[in-house]
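Welcome! Let's walk through a protein model together, one question at a time. Keep the structure open beside you as you read.

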Amino acid sequence: MIWLPVILLLIVYIFINNERKRRKFPPGPWPWPLIGNIYQIDSKNPEKTLNLWRNKYGKIFTIWIPDPLVVLADGELMDINFGKPGETFAGRPHSAIMDLLFKGNYGLMFDENEIYKNQRRFALSTLKNFGFGRNELDPLIIEHAENSLKTEVGRSINGVVNTKRIFTVAIARVIQKLVFYEDLPDVDKIMRLKIVIENLFTDWFNPHWMVLESMPWMRHLEKFGIFNFGIQKAAEYNDEFVEFLESQIEHHKDYLKTNSEPRDYADCFLLEMRKGESPDFNPWQMTIACYDLWSAGVETVTCTLQFAVLYLLRHPEIQEKIRVELKTFEQQNLAYTYANLRTLAYYNAFFQEIHRLTNVIPFSLTHEMLEPAEIEGYKFPAGTCVIAQLACFNLNPKHFPEPEKFKPERHLDEQGNLKPDPLLHPFSIGRRSCLGEALARPELLLVLATILRNYR
Ligand code: HEM
């Protein structure tokens with residue numbers, strides 16, 4: 001009997017403590033002790049839940065997963081904060097899942113805050129030397145798109161083609177060239193890697209993983225078969241992908257034994273390691289940086305292109321308009337380059353609409369504040385975690401009338417010119433915005449144009 005008041009007191013304490021912690025943050029859904037809001041989030045469509053909360057709590061709110069995460073659900077707030085000069089929002093939090101799967105925060109997406117700037121700068125400048133973000137890369141993208149298309153059409157039965165294979169193979173070969181130079185002739189191997197990546201990406205929204213983030217010891221329950229977090233399965237996929245990357249890196253070590261001219265990101269990284277000037281250039285950091293480039297590079301672009309094809313199939317009239325626009329290139333004897341495709345108002349409006357409606361990545365990754373910051377009157381200490389709900393405006397009827405409808409025209413002015421939309425942030429903004437944007441944008445335009453020039 002003596003235990004009853006103790007338990008009651010404990011419950012009261014937990015609830016009071018919960019409320020005390022909440023007071024320091026913007027309002028949001030009420031969090032349960034220990035699990036916060038984790039199991040209130042629709043894991044198949046987390047964006048839907050966050051949209052509901054945005055409507056209820058406004059442009060800044062807090063969710064507890066189970067640690068507090070401040071959500072910026074307003075384009076202007078994102079611009080002002082993520083976009084401001086300095087390092088305030090440039091951090092990534094330490095992650096227990098990263099510890100479990102990657103032995104710590106490594107790579108380019110979640111690397112330690114002390115090293116991210118150098119690693120990001122090195123990746124961008126190295127990749128640029130090999131054509132990233134420059135028009136020299138156009139022929140490579142077109143060549144892989146044409147070859148992949150030809151192969152897939154060649155193996156089609158009754159005219160049915162697998163667009164996922166076309167896009168995956170083309171896009172994977174482009175990033176493969178930049179990171180590892182040598183082509184991957186085995187299409188089945190590429191498709192296997194894609195499945196591995198897909199499975200790894202899906203799990204990042206697994207609510208059980210959010211529980212593990214704050215209580216990593218619970219993973220032992222999986223070992224004893226008490227609860228399945230999916231960590232074991234993810235670790236197997238992870239090992240398979242890492243094995244592929246390490247075999248590529250081994251080839252590079254062999255190459256550099258007899259050659260000194262770097263051909264790609266991997267060669268440059270190994271040469272940097274050989275200099276021995278910085279401990280941040282180490283073998284594991286290299287593996288995970290290649291992991292991030294390869295996986296982020298393939299998954300996002302392929303997925304966006306697949307959605308583009310789906311919308312074109314549902315809207316043959318839109319397909320026809322794009323084709324008419326593309327035809328002007330032949331009439332004017334213009335090459336199919338990214339720079340030229342950028343001038344096509346309707347085609348670019350089409351992609352703007354694709355980004356709006358598909359939201360391949362609806363939120364930024366988690367940012368950690370590296371310095372104290374004040375947002376909307378709330379004072380946050382350094383270390384506070386924050387995400388931007390990038391797609392928060394995309395279905396708002398005030399900004400986009402009839403938001404569910406696919407209408408590229410909404411991005412054109414009266415003269416038919418493209419209106420760049422300051423509310424659309426598919427690649428996020430600021431210091432930690434997408435590192436691959438300068439590659440993704442030409443890939444999208446060039447690969448789809450290659451298909452539309454040849455097929456309906
Ligand atoms: C349609 C294509 C793509 C979309 C929509 C997209 C979107 C994003 C978004 C929203 C982020 C998170 C930014 C943040 O946390 O604020 C991100 C990060 C990142 N993306 Fe992309 N991405 C795309 C293509 C690519 C490609 C092709 C690559 C690689 C070549 C790439 C590499 C990365 C990397 C390395 C990061 C982490 C950057 C950092 O933390 O500093 N992405 N991307």
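Q: Which residue does H367 stand opposite in strand 6?
A: Before we start, keep in mind that this is a predicted model. Strand 3 is joined to strand 6 by two bridges, and these two strands run antiparallel. In strand 6, the residue opposite H367 is V386.

Q: Which residue of strand 2 has V386 as its bridge partner in strand 6?
A: Strand 6 (residues 385–388) is also joined to strand 2, by four bridges, and those two strands run parallel. For V386 in strand 6, the bridge partner is V70.

Q: What is the order of the strands in the open sheet?
A: Let's build it up from the pairs. Strand 2 is joined to strand 6, and strand 3 is joined to strand 6 as well. Strand 1 and strand 3 are the edge strands, each pairing on one side only. The open sheet of four strands has mixed pairing, and its order is 1-2-6-3.

Q: What angle does the direction of helix 3 make with that of strand 2?
A: Helix 3 covers residues 75–82 and packs on the sheet. It touches strand 1, strand 2 and strand 6. Its direction makes an angle with that of strand 2 of about 110 degrees.

Q: Is N333 buried or exposed?
A: N333 lies in the loop between helix 14 (316–331) and helix 15 (338–341). Its phi is near 55 degrees, a positive value in a residue other than glycine. Because N333 has 6 other C-beta atoms within 10 Å, N333 is exposed.

Q: Is N359 buried or exposed?
A: N359 also has a positive phi, about 45 degrees, although it is not a glycine. N359 is found in the loop between helix 16 (345–358) and strand 3 (367–368). The cut-off for a buried residue is 20 or more other C-beta atoms within 10 Å. Because N359 has 20 other C-beta atoms within 10 Å, N359 is buried.

Q: Which helix supplies the largest share of the shell around the ligand?
A: The shell has 26 residues, and T300, S364, S428, C434 and G436 come nearest to the ligand. Helix 13 (283–314) and helix 17 (437–454) each supply at least two residues of the shell. The largest share is seven residues, and they come from helix 13.

Q: How many residues of the shell around the ligand are nonpolar?
A: The residues of the shell divide into three groups. Three are charged and seven are polar. The number of nonpolar residues is 16.

Q: At what angle do the axes of helix 13 and helix 17 cross?
A: The axes of the two helices come within 10 Å, and helix 13 passes helix 17 in a right-handed crossing. The contact is made by residues including G297, T300 and V301 of helix 13 and L439, A440 and E443 of helix 17. The residues of this contact divide into eight nonpolar, three polar and one charged. The axes cross at roughly 40 degrees.

Q: Which residues is E299 in contact with, leaving aside its neighbours within four places in sequence?
A: E299 is found in helix 13. E299 counts as buried because it has 20 C-beta neighbours inside 10 Å. With those sequence neighbours left aside, the contacts of E299 are I197, E198 and F201.

Key. Residues numbered from 1 in each chain as written. Predicted model: local features only at pLDDT ≥ 70, side-chain atom pairs only at ≥ 80, totals over all residues. Near = placed C-beta within 6 Å. Nonpolar A, V, L, I, M, F, W, Y, C, P; charged D, E, K, R; others polar. Buried ≥ 20, exposed ≤ 12 C-beta atoms within 10 Å, placed from the backbone. Pairing = 2+ DSSP bridges. Axes fitted to C-alpha atoms, helices over the stretch in contact; angles between N-to-C directions. Left-handed = near helix turned anticlockwise from the far one by under 90°. Contact = placed C-beta atoms within 7 Å.
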